[in-house]
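This briefing covers the packing, cavities, aromatic pairs and backbone of one model.

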Amino acid sequence: MIFGRKGRERLLDALTGFETAVREQHADRAESAYQAMYRGFQQATDEEARQAGPRLAALLPQVPPGPDGIIAVMTGACVERGADASRCAPYVLDGLAEALDAAGEFCAAWAESGGGDLPDPEADALDDAVLDRVGPRAAAAWWTLPQWEMASVAMLNHASVRTGAGAERRTRLLDALRVVQEGSGHEFKCLWYALLVLDEEPLVVLHRPTGTGYALRMSGIGDNFQLHSLLADVLVGGGHVPGRAPSAQEAAVCRSAPGQVPTTGSFNLLAPDGTWVWNEGTPTDIPVVDGVRLLVLDPPPYERGWPAGRFFPHMTGDLVLERVLGEEETRSLLAGCAAAE
């Protein structure tokens, strides 16, 4: 209780001072209040973090480029401790959109002014030479983009944020991120995968060796390693197809349990044209056929093992069997699928 009260006095009181300084555009007081707020966060209770998160998020449009990335990360940390992600996310995703646009400008300006290796925002100092070369807005965006990635993933871990953002907005963010990827050669893989996560997405799976088919629904699955393990749990573990069923622990860590455990693959994942759907990819790699993603399962050509778990440890994933397809429906679908390439 003693540390909890001190944490509250330090965090929430310092946050009040920070809010005032930001709104009055008083840089020195804002810096002092931020330092006190940062120290208070280390001792704050989860309840204090829950209160602080939406207040920090609401300040983001008023915080200058550069410091805004730090406040975004702190907002993300509050969400990880229980702050309402749906209230925080609009501000964070708006800030991400602005940072991506300006980071794209940074990459273009860097190439136009001589090119060369881009500076590493996590290792290199932002100096006057860079500012003169690309301008302060673009430079600040490039240096804070890893922070915006971290904060945005904290938001996108929540299904309510992913569905609330809407497909159009996520497409715009993906398009802006693609410009940065192509201009910089950096993957920003966590952000890319988080923006691709599907929720309540129908999936039809055809098991070629048995000639059976299944209609499923997937949510919160970060990569195809996770999907592969959950398919084995639902189909093999559910007694629908032969093969190796994951243990209860292997399945649990792919849904919501913490940690990772070794597993072995049960299938070869194929697109209807016979090309492989790689475990390293995401469920968005599965082609849409007649409005539904269609996946074919063949026996594994060789034994493959990996750590079962979730690409996003704080994101709950699930795969649910909705119905077993009829024989005629399955046969018709399989007739249109090519053998493995």
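Gln181 touches His186, Glu187 and Trp192, leaving out residues up to four places away in sequence; contact means heavy atoms within 4.5 Å. Gln181 is found in helix α9 and is buried, with a relative accessible area of 17%. Buried means under 20% relative accessible area, exposed over 50%, and partly exposed in between (1.4 Å probe, protein chains only). Helices (H or I, at least four residues) and strands (E, at least two) are DSSP runs, numbered from the N terminus.

This is a predicted model, in which local features need pLDDT of at least 70 and side-chain atom pairs count only at pLDDT 80 or more, while totals for chains, interfaces and linings use all residues. Residues are numbered from 1 along each chain as its sequence is written, and side-chain values use heavy atoms, with hydrogens and water left out.

**Helix α10**

- Helix α10 (residues 189-196) is largely enclosed by the rest of the structure, because six of its eight residues are buried.
- The buried residues of α10 are Leu191, Trp192, Tyr193, Ala194, Leu195 and Leu196.
- These buried residues pack against α5, α7 (136-156), α8 (159-165) and α9 (167-184).

**Nonpolar cores**

- A nonpolar core is a set of buried Ala, Val, Leu, Ile, Met, Phe, Trp, Tyr and Cys residues joined through side-chain atoms within 4.5 Å.
- The largest nonpolar core has 70 residues, of which Phe18, Met37, Phe106 and Leu145 touch the most other members.
- Helix α5 (residues 85-112) gives the most to this core, with 14 residues.
- Apart from this core lies another, of 27 residues, including Leu198, Leu235, Val253 and Val261.
- In soluble globular proteins, nonpolar side chains tend to be buried together.
- Leaving aside neighbours within four places in sequence, Phe106 is in contact with Leu118, Pro119, Val130, Val134, Ala138, Ala139, Trp142 and Trp143.

**Aromatic pairs**

- Rings of Phe, Tyr and Trp (its six-membered ring) pair if their centres lie within 6.5 Å; planes under 30 degrees apart count as stacked, over 60 as edge-to-face and the rest as tilted.
- A search of the whole structure finds nine aromatic pairs.
- One of them is the tilted pair of Tyr34 and Tyr38, at 6.2 Å centre to centre with 40 degrees between the planes.
- Tyr34 and Tyr38 are separated by about one helical turn, because they are four residues apart in helix α2 (residues 27-43).
- Tyr34 is buried, with a relative accessible area of 14%, whereas Tyr38 is partly exposed, at 42%.
- The pair of Trp276 and Trp278 is tilted, because the ring centres are 5.0 Å apart and the planes are at 45 degrees.
- Trp276 counts as partly exposed at 24% relative accessibility, and Trp278 counts as partly exposed at 48%.
- One aromatic cluster is formed by Phe106, Trp110, Trp142, Trp143 and Phe188.

**Cavities**

- On a 1 Å grid over the protein atoms alone, a cavity is a set of points where a 1.4 Å probe fits but cannot get out; lining residues have an atom within 4 Å of a point.
- Grid points are joined across faces, edges and corners, and a volume is the space filled by probe spheres set on the points.
- The structure holds two cavities of 30 Å³ or more.
- The largest cavity holds about 40 Å³ of space and is lined by His228, Phe267, Asn268, Leu269, Trp276, Val277, Trp278, Asn279 and Arg304.
- Its lining divides into five nonpolar, three polar and one charged residues, where Ala, Val, Leu, Ile, Met, Phe, Trp, Tyr, Cys and Pro count as nonpolar, Asp, Glu, Lys and Arg as charged, and the others, Gly among them, as polar.
- The second largest cavity has a volume of about 30 Å³, and its lining includes His228, Arg244, Pro246 and Trp306.
- Elements giving two or more residues to the lining of the second largest cavity are α11 (224-236) and β3 (261-264), and α11 gives the most, with three residues.

**Positive phi**

- Gln25, in the loop between α1 (2-23) and α2, has a positive phi near 55 degrees and counts as exposed at 73% relative accessibility.
- Glu200, in the loop between α10 and β1 (201-207), has a positive phi of about 50 degrees and counts as exposed at 53% relative accessibility.
- Most residues other than glycine have a negative phi.

Conventions:
On a 1 Å grid over the protein atoms alone, a cavity is a set of points where a 1.4 Å probe fits but cannot get out, and a pocket is an open set with protein on both sides within 12 Å along at least five of seven lines; lining residues have an atom within 4 Å of a point.
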